[in-house]
Amino acid sequence: MEEKKHKRRVRYSGTHPRTYAEKYKEHNPEKYQDTIEKVIAKGSTPAGMHLSIMVEEILEFLEIKPGQIGLDATLGYGGHTTEMLKKLEGKGHVYGLDVDPIEIKKTEKRLADRGFGPELFTPINTNFQNIDKVAEEYGPFDFILADLGVSSMQIDNPERGFTYKYDGPLDLRLNPEEGISAAKRLKNVSVDELEGMLIENSDEPYAYEIAKELVSRNKGGKKIETTLDLKNAIEAALRKSKEYSKLSKKDQEETAKKSCARVFQALRIDVNNEFEVLYDLLEKLPGALKPGGRVAVLTFHSGEDRLVKKSFKSFKREGIYSEVARDVVRPSAKECHRNPRAKSTKMRWAVKNL
C-alpha cells in the first residue's frame with residue numbers, strides 16, 4: 001500500500017498571505033479557534049466560515065422535538081442544521097438542501113465530524129424550488145427553515161465572484177455548473193433592461209448612470225470580465241453623476257461602497273433567478289409541511305420580504321396556514337454587533353393548519 005504523502009500548505013512571501021489560495025486558515029477555519037474568537041469579538045465574520053443568524057429565535061419558534069423530521073432548505077455552512085440536529089437528541093432526521101455542489105460536500109463532512117452521520121442527516125444537492133419533489137420522497141416535514149442569505153464562504157472566496165472587495169472572475173452563480181455567469185449576462189443586456197434590474201433587485205439610486213456605463217464599456221471593447229472590472233466601472237459611472245460630485249469625499253466613498261454592494265446583489269439575484277425560485281418555494285411550502293408543521297424564512301432585502309409576507313398572508317386567508325407572523329422578527333443588537341452581516345435580516349414564520 002502506497003504511503004499517502006503529507007501535503008504542505010501553500011507558502012507565501014512576506015509576513016502575511018496576499019491571495020485567497022495562500023490563506024490557509026480560510027480554507028479550514030475551524031482548526032484555528034483562537035483566531036475565530038478574536039475575529040468575532042471585533043464584530044467581523046471569520047473568512048472562510050459562516051456565522052448562523054438568529055439561531056435562538058429560529059429554535060424557539062420551530063419547537064423541535066426528538067423524533068421529528070425536518071428540512072433545512074438552505075444548508076450552507078451547516079450552522080442552523082447543527083443546532084436543529086442537537087434538538088432531535090439522536091432521534092429523527094434532518095435533510096439539507098443546497099444548490100452549491102462545492103460547499104455541500106464540505107458541509108456534509110463538517111456535520112459528520114460533529115457526530116451527525118447519515119442516520120441523522122442527509123444532504124441533497126438541489127435547488128429549494130424542488131421542495132415538492134424532496135417532500136414526496138422524504139417528507140412531509142415537521143419543520144422547515146429557509147435562510148435566503150448567501151453564505152460567507154461564497155462571499156469570501158474570490159474565485160466565486162460574489163464580492164467587489166477581491167479580484168476574481170465575475171461569476172456570481174450559486175451553482176457554477178449551471179446557467180451563465182454575471183460577466184456573460186452583462187454582455188447581452190440593454191441599458192433599459194439593466195437599469196430595471198438594478199432598481200427592482202436592489203433599489204439602486206444611480207441605476208441609470210451605472211447601467212449606461214456598464215453597457216457602454218462592454219460595447220466599446222472594455223469588457224467587464226472580473227469583479228474589479230465591475231467595481232471600477234461602477235465608480236466611473238458615479239464620478240460622472242452631478243449629484244455624486246456634490247458629496248464630500250467621505251460620503252462619496254460610502255456611496256460607492258453601497259452602490260457596489262447593491263449592483264453585485266442585483267446581478268446575483270438575476271443570474272440565479274432568485275425571485276422566481278423563491279416564489280416557487282413559497283407556493284410549494286404548504287404541501288411539504290405536515291399538519292401543524294412550522295416554517296421559518298430569513299430574508300435579507302425588501303423584495304424577498306415582500307414575497308414572503310404576501311405568500312404567508314394569502315395562505316392564511318385561504319385557511320392553509322393557521323398562524324403567520326404579524327410583524328417581522330429582527331436579530332438583537334448584541335447579535336448585530338457580533339455579526340454585522342445580520343443587520344438586514346428579517347424573519348417571518350407560519351404554522352400549517354391541522
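Predicted model: local features only at pLDDT ≥ 70, side-chain atom pairs only at ≥ 80, totals over all residues.
Seven of them form an open sheet, and their order across it is 3-2-1-4-5-7-6. The pairing is mixed. In general, strands of a sheet pair through backbone hydrogen bonds, and the pairing is either parallel or antiparallel.

Next, select residues 121-124 and 321-324, which are strand 3 and strand 6. Both stand at the edges of the sheet with a single partner strand each, so one side of each has no neighbour in the sheet. From one strand to the next, the twist averages 15°.

Pick out Y321: it stands opposite K352 of strand 7.

Now select residues 101-113, helix 5. Helix 5 packs on the sheet, where it touches strand 2 (93-97) and strand 3. The direction of helix 5 makes about 175° with that of strand 3.

**The second largest pocket**

How much space lies in the second largest pocket? The volume is about 660 Å³. To find the pocket, select V99, N127, F128, L174 and E274, which are the closest to its centre among the 38 residues that line it.

Then colour helix 4 (79-88), helix 13 (249-271) and helix 14 (274-288); each supplies at least two residues of the lining. Helix 14 gives the largest share, four residues.

Finally, colour the lining by residue type: 13 residues are nonpolar, 18 are polar and seven are charged.

Key
Residues numbered from 1 in each chain as written. Heavy atoms only, no water. Pairing = 2+ DSSP bridges. Axes fitted to C-alpha atoms, helices over the stretch in contact; angles between N-to-C directions. Contact = heavy atoms within 4.5 Å. 1 Å grid on protein atoms, 1.4 Å probe; cavity = no way out; pocket = protein on both sides within 12 Å on 5 of 7 lines; lining within 4 Å. Points joined across faces, edges and corners; volume = space filled by probe spheres on them. Nonpolar A, V, L, I, M, F, W, Y, C, P; charged D, E, K, R; others polar.
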